[in-house]
Amino acid sequence: MPDKKPIILAVDDDPQVLAAIARDLRQEFSEEYRILRVNSGPEALTTIKELHEKEEPLALIVADQRMPELEGVELLTASREFFPDAKRVLLTAYADTEAAVRAINSARLDHYLMKPWDPPENLLYPILHDLLTAWQVTHKPRFGGIRLIGFQWSPLSHELKDFLSGYMVGYQWLDYETNPEAKELVKARGFTSSDLPLIICADGKAVANPTKTALAEHLNIANQPLQDLYDVVVVGAGPSGLAAAVYGASEGLKTLIVERQTPGGQAGTSSRIENYLGFPTGLSGAELAFRAWTQAVRLGAEFLAPQEVADLCIQDGYKVLTLSDGREISTKAVVLTTGVSYRTLDVPGMERLSGAGVYYGAARTEARSCDEQDVYIVGGGNSAGQAAMYLATYARKVFIVIRGANLAASMSAYLIEQIRTTPNIELLSHSQIKEACGQDHLEAVMVDVNGTVEKRPARALFVFIGAKPSTEWICDQVLCDGKGFLLTGRDLVTDPRYAEVWKKDREPYLLETCVPGIFAAGDSRAGAMARVASAVGEGSMAIKFVHQYLDE
């Protein structure tokens, strides 16, 4: 939301003088400034306080010296508490010249004007133009979007930053402990540090300790379905789920996509994807996900977030999904694109410091806070390599910790070459993290390097050590392999349990699970290739099989 025009405030208890100064100000400055007129000192001070609370920009105060309840010098002095950078002009009669001169120091008066100021073209406008130009040079317009105030080491603050970034929402982060403006904003809205994190929306509304659901409401993201029955519900908004939503909606299916976090899944956290077809210079995972989400919505798909599917059952051939808040969604077909989640690193301190220096995934929102400090990355896959390259822009040193001898077995060649030629990235082979150390946030890591355990200072630790499928809630309904990945198509047919559960005359479609009309695509499907392009392809293919199933 853009800032409103800056304000010029005219104050005088003489109606004729006030009308004259307001008229002249409007004639010259109304295109760029709002002109407010107030007829007493106390009322002017109240107005100034209200402007401060509303964060309105006050550029200039023109006040008469001789006002009975509050003299001009006193008003201008008091205004400094609320608008220290506003320019101050005192209107004086000849007899008040001495008071005006004293006020240059006491009230930090910028100028005083003798009454009358006729003609204004010579005696008023040049002076005010100079003052307003000086104010514009130093004025920093208020950020017009969402502001998030919290503590750097708060896990909830980190979650909210990631949530906003996942939806490509511009926001301003204000650390309560280091930013004076943050303390002022919290106090002005009647909150205390115990209410943090605090979200201040573009319309000025403040929400303390917001849930992601509450934040989604302020972002106008729907959290309840609009239809009684859908043709297809896509569970998960990673690359495969977004592709399924795009193709389902574009082909006329009533399509709903349900996402528990933010669009993009693990790919959405990637700082740079350089091997995706059609983007020769690469793009971030968040940007790719946001484009796909926008495309799906434009084509008619509905999007629910953050919402989690807790259960699924079959009623008369229809699929009924139960959300975590108890609401139910009915659909003819389901595409499961639940993706995977990073495995946790089971060493002392990790769970306690999660979100406070320890992060699973790229955590791009924390990169700037790593400026000129050491960070550690655990893992040797592409996600780890992309994170290393991104963090190297800010960190003093990035250490990649792997158990093996090199990265060749698990990372793309282009990334290995980029890492090799980046001077502030160091590979620690035959190494592992033994402990995360710190009180309320990560301060150091214990690293076993070739059998020698060292304690090293660390600003952040990013973990990429493999993934597990997010299928716990559905494994009692459909067949999974021993690791929890969803069995589909030929993999399903060759499973010993197949004959007991599949009762259709035909064989399952390529991406169909053991329940007819329930399909799986992307990283949570057994045998899937962990690449963005293949996930997009599977999501698109799933809609083809949905059509075939619906035709039955």
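**Helix packing and nonpolar cores**

Helix 10 (residues 239–250) packs against helix 16 (residues 532–551) at an angle of about 35°, their axes 7 Å apart. The model is predicted. Its largest nonpolar core has 39 residues, and another core, of 30 residues, lies apart from that one. The structure holds 0 disulfides.

**Helix 10 with helix 16**

- The crossing of these two helices is right-handed.
- Helix 10 contributes Pro239, Ser240, Ala243, Ala244, Tyr247 and Gly248 to the contact.
- Facing them in helix 16 are Val532, Ala535, Val536, Gly539, Ser540 and Ile543.
- By class, the residues of the contact of helix 10 with helix 16 are 8 nonpolar, 4 polar and no charged.

**Ser240**

- Ser240 lies in helix 10.
- Is Ser240 buried or exposed? Its relative accessible area is 5%, under the 20% cut-off, so Ser240 counts as buried.
- Leaving aside residues up to four places away in sequence, Ser240 touches Ala535, Val536 and Gly539, along with Thr337, Ala521 and Gly522.
- Ala535, Val536 and Gly539 belong to the helix 16 side of the contact with helix 10.

**Nonpolar cores**

- Which residues touch the most other members of the largest nonpolar core? They are Phe303 and Val335.
- Helices 7 (155–166), 9 (212–218), 10, 11 (285–298) and 16 each supply at least two residues of this core.
- Strands 6 (146–150), 10 (229–235) and 15 (328–336) also each supply at least two.
- Apart from this core lies the one of 30 residues, among them Val233, Val235, Leu487 and Trp502.
- Phe303 touches Tyr167, Ile221, Ala222, Ala237, Leu256, Ile257, Glu259, Pro263, Trp293 and Val297, with residues up to four places away in sequence not counted.
- In soluble globular proteins, nonpolar side chains tend to be buried together.

**Helix 12 with helix 13**

- The axes of helix 12 (residues 382–391) and helix 13 (residues 413–420) come within 10 Å and cross at roughly 35°.
- Helix 12 passes helix 13 in a left-handed crossing.
- Asn382, Gly385, Gln386 and Met389 of helix 12 meet Tyr414, Leu415, Gln418 and Ile419 of helix 13.
- This contact of helix 12 with helix 13 has 4 nonpolar, 4 polar and no charged residues.

**Cysteines**

- A disulfide is a covalent bond between the sulfur atoms of two cysteines.
- How many disulfides does the structure hold? The number is 0.
- Cys480 has 8% relative accessibility, which is under 20%, so Cys480 is buried.
- Cys475 is partly exposed because its relative accessible area, 32%, falls between the 20% and 50% cut-offs.

How values were computed:
Residues numbered from 1 in each chain as written. Predicted model: local features only at pLDDT ≥ 70, side-chain atom pairs only at ≥ 80, totals over all residues. Heavy atoms only, no water. Axes fitted to C-alpha atoms, helices over the stretch in contact; angles between N-to-C directions. Helix = DSSP H or I, 4+ residues; strand = E, 2+ residues; numbered from the N terminus. Left-handed = near helix turned anticlockwise from the far one by under 90°. Contact = heavy atoms within 4.5 Å. Nonpolar A, V, L, I, M, F, W, Y, C, P; charged D, E, K, R; others polar. Core = buried A, V, L, I, M, F, W, Y, C linked by side-chain atoms within 4.5 Å. Buried < 20%, exposed > 50% of the residue type's maximum accessible area, 1.4 Å probe, protein only. Disulfide = S-S within 2.5 Å.
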